[in-house]
Amino acid sequence: MTATVEVESSDEPQASGLQFPPGFVWGAATASYQIEGAANEDGRGPSIWDTFSRTPGRVFAGHTGDVACDHYHRYVDDVALMAGLGLGAYRFTVAWPRIQPDGTGPVNVRGLDFYDRLTDELIGKGIDPVVTLYHWDLPQTLQDRGGWTNRETAEAFAEYAQIVYARLGDRVKTWTTLNEPWCSAYLGYGNGVHAPGIQDPAQAFQAVHHLLLGHGLAAQALRSAGAQTLSITLNPTAVAPLDPGNPADVAAARIVDGVGNRVFLEPLFRGAYPQDVLEIMGRFTDLSHIRDGDEAIINAPIDVLGINYYTPTYVSAQPGQPAALDTPGSEGIAFRKPVGPVTDIGWQIEPGALTRLLNRIHDDYGVPMMITENGAAYLTGPSAGTGEVEDLERVDYFDSHLRACLDAISHGVDLRGYFAWSLLDNFEWAEGYRMRFGLVHVDYTTQQRLPKRSAKWYSEVIARNGLEGTGTAG
Ligand code: FCB
């Protein structure tokens, strides 16, 4: 497939064919609990991830985010690092428990102060702050009242969003409500691999709805407060039938697409849950948590859809197979184990699946998109000889996925930007610190940062607004 993108402006360097559109946003992403540390400082309240990571057996080797990358204290140096890489934008998350330690009620001004300083530091270095309001660190007090299974959490989220907007809205243009509600709902309440660690399909579906409702309420509130660019970040499953010629496999993929993708995309962009998904949800709950008018709220207009992509999913029909807990309703469906090549976290590498995913969402919903996360876990550390981190596998991963983006752009996808996951090695949720996704290596003993080979490569891509090569993406 050819990835030729015409670049019109005459004072731009000649397009090589692997050039991104003018104005394409280049960034890196992080999330509050994964990097900040300072868990008990300046009035921050406990989050569900503090509780979860302290529960024996939940997180690899009992790791917690107490210190993480100590970014809370090192943000000035970290922003300097970003500037050194030439990042145009930085996607970070505001930690709700820093702003409202109990999830509702009194505002902790010192929490807002931190993000205010960070925002100014970024802008001062010419880096556009892209704010995500929720990346999984729900205030524990809200979880004690049912968390995302409780409608009040959605209302509380909208209130919290307005508090943050009131402080940063004069400088922050792009506002993302939620990061990957699929994970919050299905990993948090479905298979319990993430906080709060519950295994109950009914609660998972209630969480799906209240997350979406929280998004819609927040989007409405932020819009009327004047927010410029609104978005939500999803991690749509790039699901395909193992045998596209087998109607039973195709039907299996349709179910997984429904429970994983259309359950979010349809109410967001068409204002209604799809009938087949309502039927699946109805097997587990009486649906009374979905009230008249909710879908219209969820359908609040947004400007750009954030896409996080790492790996594809292949499914086949397999009678007798119990449901995967992260996909309620998937009885009789087998999820194929990843086949090589895989990254060090065991995720199959398939850039073409990203192209298919972007093309499909574009064709079905016609919405502008931004890759808000894409990256790879490799454990490569500093080499004994040079002291450098030669993470060439990560360079290959980024390169091939950026080519996949160019393929999608040539298909007509309105792709506005790309955020590498992640700026820094960090706390990788249930995997703790053993998985490393960073462009920049972090030594957790000394907190020393060391840009990897991939960071240098990425900064060249940014400077060039494109990849090196002949223009034939593979
Ligand atoms: C995504 C999360 C992000 C990170 C990457 C590897 O699902 O949004 O925080 O853990 O996976």
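# Close-up views of a predicted model

Figure 1. W429 belongs to the loop that runs between β11 and β12, and its backbone has a positive phi of about 50° although the residue is not a glycine. The coordinates shown here and in every view below come from a predicted model.

**Figure 2. The cis peptide bond between W421 and S422.** The bond that joins W421 and S422 is cis, and its omega is about 5°. S422 is placed in the loop between β11, which covers residues 415-421, and β12, which covers residues 440-443.

Figure 3. Like W429 in the view of Figure 1, L423 lies in the loop between β11 and β12. L423 has a relative accessible area of 0% and is therefore buried. When neighbours within four places in sequence are left aside, the residues in contact with L423 include A28, A29 and T30, and also M82, L85, L87 and Y90.

**Figure 4. The cis peptide bond between G340 and P341.** Here the peptide bond that leads from G340 to P341 is cis, with omega near -5°.

**Figure 5. R356 in helix α13.** R356 lies in helix α13, and it is partly exposed, since its relative accessible area is 41% and the class takes in values between 20% and 50%. Apart from neighbours within four places in sequence, R356 is in contact with Y314 and E350. C405 is 49 residues from R356 in sequence, and the C-alpha to C-alpha distance between the two is 9.9 Å.

**Figure 6. R262 and the residues that it touches.** R262 has its place in helix α10, which comprises residues 247-270. The relative accessibility of R262 is 4%, so this arginine counts as buried. If residues up to four places away in sequence are not counted, R262 touches R254, D257, P267, P274, D276 and V277, together with R360 and Y365.

**Figure 7. The positive phi of A61.** A61 is a residue other than glycine with a positive phi, near 55°. The loop in which A61 is found lies between α2, residues 48-54, and α3, residues 71-85.

**Figure 8. G124 in helix α5.** G124 is found in helix α5, which is made up of residues 109-124. At 67% relative accessibility, G124 counts as exposed, because that class begins over 50%. Between the C-alpha atoms of G124 and A240, which are 116 residues apart along the chain, the separation is 45 Å.

**Figure 9. The stretch of residues 1-15 and the confidence of the model.** The average pLDDT of the protein is 96, and 96% of the residues score at least 70. Over residues 1-15, by contrast, the pLDDT is below 50, although this stretch has 26 contacts in the model beyond near neighbours in sequence. Where pLDDT is low, the predicted coordinates should not be read in detail.

**Figure 10. The whole protein as the setting of the close-ups.** The protein contains 15 helices and 13 strands. Its radius of gyration is 21 Å, close to the 23 Å that the globule rule gives for 474 residues, so the protein is as compact as a globular protein of that length. The C-alpha trace spans about 60 × 55 × 45 Å along the principal axes. Of the 474 residues, 61% count as buried, and among contacts between residues at least 6 apart in sequence, 76% join residues at least 24 apart. The accessible surface comes to about 16,900 Å², and 51% of this area belongs to carbon and sulfur atoms. There are 34 positive and 58 negative side chains, and the centres of these two sets lie 2 Å apart.

How values were computed: Residues are numbered from 1 along each chain as its sequence is written. This is a predicted model: local features need pLDDT of at least 70, side-chain atom pairs count only at pLDDT 80 or more; totals for chains, interfaces and linings use all residues. Side-chain values use heavy atoms; hydrogens and water are left out. Helices (H or I, at least four residues) and strands (E, at least two) are DSSP runs, numbered from the N terminus. The radius of gyration is taken over C-alpha atoms; the globule rule is 2.2 Å times the number of residues to the power 0.38. Buried means under 20% relative accessible area, exposed over 50%, partly exposed in between (1.4 Å probe, protein chains only). Contact means heavy atoms within 4.5 Å. Accessible areas come from the Shrake-Rupley method with a 1.4 Å probe; for residues, only the protein chains shown count as cover. Lys and Arg count as positive and Asp and Glu as negative; His and the chain ends are not counted. The place of a charge is taken as NZ of Lys, CZ of Arg, CG of Asp or CD of Glu. pLDDT is the predictor's confidence in each residue, from 0 to 100.
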